[in-house]
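The stops below go from the whole chain to single residues.

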Amino acid sequence: QMVQNPPSPMTNNHAIDATNTTTTTNGGYLVVSFERASLSQTGGGHFSPIAAYHPQTDSVLVLDVARFKYSPYWVSLADLY
């Protein structure tokens, strides 16, 4: 299922549901669009896939596509969304 226009504003529950669905089933992908500055990174708008969700910390593993600059990192859903 492709969600191009998530609810606006996206709720934390919707983000958790989307993350759980795509990281626990085969064939699903979750790609997020975010502003790097909101994560104290250099650059502007950016797209990267999400590889995992850690419910205990409410965090996701971002596989940054700019691997030369940023290795994979964990970020809280609150900071990402």
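Contact, as used on this tour, means heavy atoms within 4.5 Å. The model is predicted.

**Whole chain**

Start with a cartoon of the protein chain, coloured by secondary structure. There are two helices and four strands, and along the sequence they follow the pattern α-β-β-β-β-α. Now switch to a surface. The protein chain exposes about 5500 Å², with carbon and sulfur atoms supplying 53% of that area. Of its 81 residues, 31% count as buried. Taking contacts between residues at least 6 apart in sequence, 32% join residues at least 24 apart.

**The nonpolar core**

Next, select Ile50, Val60, Tyr73, Val75 and Leu80 and show their side chains. The largest nonpolar core has 15 residues, and these five touch the most other members. Two or more residues of this core come from each of helix 1 (12-24), strand 1 (31-35), strand 2 (45-54), strand 3 (59-62), strand 4 (73-76) and helix 2 (77-80).

Stay on Val75 and display what surrounds it. Apart from neighbours within four places in sequence, Val75 is in contact with Leu39, Ser59, Val60, Val62 and Leu80.

Move to His46, in strand 2. Is this residue buried or exposed? His46 counts as buried because its relative accessibility is 11%, below the 20% cut-off. Show polar contacts for its side chain. One goes to the side chain of Ser48, at 3.1 Å; another goes to the side chain of Asp64, at 2.9 Å. Leaving out neighbours within four places in sequence, the residues in contact with His46 are Val32, Ser33, Phe34, Arg36, Asp64, Val65 and Ala66.

Follow the 2.9 Å contact to its other end, the side chain of Asp64. Asp64 sits in the loop between strand 3 and strand 4 and counts as buried, at 3% relative accessibility. Which residues does Asp64 touch, not counting those up to four places away in sequence? They are Arg36, Gln41, His46, Ser48, Tyr70 and Tyr73.

**Gly45**

Step back one residue to Gly45, which also belongs to strand 2. Gly45 is exposed, since its relative accessible area is 65% and the cut-off is over 50%. Setting aside residues up to four places away in sequence, Gly45 touches Phe34 and Glu35. Draw a C-alpha to C-alpha distance from Gly45 to Ser33: the two are twelve residues apart in sequence and 6.9 Å apart in space.

Tyr29 is found in the loop between helix 1 and strand 1. Its relative accessible area of 74% is why Tyr29 counts as exposed.

**A backbone stop**

Finish at Asp58, in the loop between strand 2 and strand 3. Check its backbone torsions: although Asp58 is not a glycine, it has a positive phi of about 55°.

Technical notes: Residues numbered from 1 in each chain as written. Predicted model: local features only at pLDDT ≥ 70, side-chain atom pairs only at ≥ 80, totals over all residues. Heavy atoms only, no water. Core = buried A, V, L, I, M, F, W, Y, C linked by side-chain atoms within 4.5 Å. Buried < 20%, exposed > 50% of the residue type's maximum accessible area, 1.4 Å probe, protein only. Polar contact = N/O pair within 3.5 Å; in protein donor to acceptor, adjacent residues only side chain to side chain. Areas by Shrake-Rupley, 256 points an atom, 1.4 Å probe, with all protein chains shown as cover.
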